[in-house]
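Please look over the sequence and the 3D structure below.

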Amino acid sequence: MASMVNSTTSPNLPTIIVSNIQESTNSTNSVFAVDDDCDHIKSELKKQYKYLNLKGFIISGVLATAVVIVVFTLCCVAVVQIATNRFQADRRKAEQMAVQAQLSIEKQIESSFVANAIIGQVITELNYNITKDRANQLFQRVSKLFPDLKRFQIAPNNIISFVYPLEGNEGLIGTNKSAQANQVSSIQRAIANRKMTLAGPLLSVLNQVILLGQYPIFYPAIFSKDNDIRLSSSFKGYSDNNGGLWGFVTSTYGFKELFDSIDLPTILDGYQYQFYDYDNKFIFIQSKKTENGTVDYESTFNKTVAPITRAITKNITIFDATWSISLIPIGGWAVDPIFYLEVVVVFVLNISLFFSVLFTVQKLYVHYYRKNEYELIQNKLEQKVAERTKELEKNHQELQLLLERVSIEEQRTRKIVNSINDILITVKQNGNIAHCNTSFYKLFHFNESDMLKGIVTISKVIPSLEEDLNNLFKDVTNKILQSKQQNSSLKKEIDTVITYPSKHVIAFSKHGKEIPVLINFNFCTLYVNDLFKLPKGSRKRISFETISKTKMFEKELVCIVTLHVDASILQSMQQQQHNQQVDEGNSSERMEFYEMFSNLQKRKEFKEFCIKERNEENVCFLEDIELYKSLTNTNERVTMQNEVFDKYLGQDSIKQLNVSKEVFETQLIKIAKGLGELELFDELEKAVIDNMLYDVFKRWLQVQQKKEMELFL
């Protein structure tokens, strides 16, 4: 039959921590509260500066408009100037093309019509006696030197007597050149000036534009024009022709051959052009687009052609003829597309500038007039913050004292619970073991790692108890519900303990060994949730900031199971534990290690050896733990605890400890949920020392012995 016992126990430790952290948080938040005076000041300022923003926008709008007008004007001038420079550069380029075409045409025509002078010189050397055979030989040789010339003629006394090539030109033999109307003017100029003249441009019977080079041949002058002295007696027989005209040498040059020889389409690629004859006052050749998109040229004889406007014009002077070449880019002097982009950029820039100046000036205006008021509010707030800071410091000191008391009380309670021989187990309703004392680990051979992994349950330790325990939980739940109906105080749930009679059962250790025990059941509601339980695989410590922002504990119905073990079993267990402690404490290696570590000089030498061996993290850890234990203030130990955790156990630790995975995981959780206890690192410290004894410390001893032997010898 169960009995109900009311007990007044000491306050639960988690409850104390929660309540005081909440008080500290409330005090901290109150530092930044604005009192009624500050609210009154803010309301007055709001009324006073009701139209401040509107005034600021008006002033900043006027200033922004003025700035944009100036900047926009400068930008427009710059864009127009850039476009003008770009246009001038295009015209200079077109002018260079025109000059190149002009020079190429002049040079090519003058060099080609040298053939006429060569033929005339040969006729003179033959004493003006030219035969058909000699003429043909002369024509053939000259045509090889000047392949661009299409036809040659020799016309003594203006009568065409020799033609090359003769085929297709037989009708020209015997023709009087003076009778050809399109050549009369050039013949007269040649006779008058006694120089080469050009006839043309002309349209041939093949509908091609050609030039005729008219080279006059004169008899030598027997008498000087200045006196009657005879110059030479070798010209006897020419007295009747003293300086008179002998005839003409004429050659034909087609513009097609001319343009092909200087590659004019390539020179004027991308340009539209026209050739104009000043003597005849008409355009005789202009460019045209072909079907494949390229630019060619065509004859404009017998056509009415409008001259190109806004063109670059260069005069071409050859002998006594003067033409002009006019050209513009195909499509005219178009505006570069980048000009429109520049215009868009100018508009976007000025719009952005307008709004930037608008909002900047408005903010400066408002800030200027509110600066003093903000300073007034700031002084008020600083005064209140100073008052709250003093209050917070007082609360903080009280919290520190309470934390010291809690830490000492918690250590004392743990030592008492762990020092008794009986086994205490806290079991949840799902059968998991939430807490247990040290005697449980020693007798049943489980460890904290097994507890963290959740493999230790009451059904595994005491299988026969599972069904009974479930029934007892149901019974206790019903009793608590009845108690609530009678008394609504929630404190009843914490202070009420329900006890059930003892019972003999068989328990099983981790390795399956049977252990007869006498168990007692005590049910109560406690704060048993593990606030500091880390997620699986996590290496992050729990901070006080996290605690203050979290629902830390929840009440839960648990069963406190007390296991009484036979005295003989306890005595055997204690004897084994004593023998193990004696063996560990009396080992020569361990004694030497403690002696070395207490000697600062030897410790320094050992640390230098570990650094060479790249194993210095263990020595650094032991030194930090020594410093940790020397701290008397709990808050300082908590700070040091967090530093040690981050340095040696955290996820991004720079010096992670070299210990077994089982020890690491077990101690990781234990240290993460610690609150500055003095013995918090004891087990990990022992594991680190054990690891060093038979590894780096053993090698160091061998090195020291070797040095001593060398000194001795």
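The briefing covers an open sheet and then a separate strand with its partners.

This is a predicted model, in which local features need pLDDT of at least 70, side-chain atom pairs count only at pLDDT 80 or more, and totals for chains, interfaces and linings use all residues. Residues are numbered from 1 along each chain as its sequence is written, and side-chain values use heavy atoms, with hydrogens and water left out.

**The open sheet**
- Five strands form an open sheet with antiparallel pairing, in the order β3-β2-β6-β5-β4; strands are DSSP runs (E, at least two residues) numbered from the N terminus, and two strands pair if DSSP finds at least two bridges between them.
- β3 (162-164) and β4 (197-203) are the edge strands, each pairing on one side only.
- From one strand to the next, the twist averages 15° (axes are lines fitted to C-alpha atoms, and angles run from 0 to 180 degrees between N-to-C directions).
- Seven bridges link β2 (residues 149-156) with β6 (residues 245-254) in the antiparallel sense.
- Opposite A155 stands F248 in β6.

**Strand β12 and its partners**
- Four of the five residues of β12 (residues 423-427) are buried, where buried means under 20% relative accessible area with a 1.4 Å probe, protein chains only.
- β12 runs antiparallel to β16 (residues 555-565), joined by five bridges.
- I423 is placed opposite L563 in β16.
- β12 also pairs with β13 (residues 433-436), in the antiparallel sense, over three bridges.
- T426 has H435 in β13 as its bridge partner.
- The hairpin of β12 and β13 has five residues between the strands, and G431 takes a positive phi near 90° there.

How values were computed
Buried means under 20% relative accessible area, exposed over 50%, partly exposed in between (1.4 Å probe, protein chains only).
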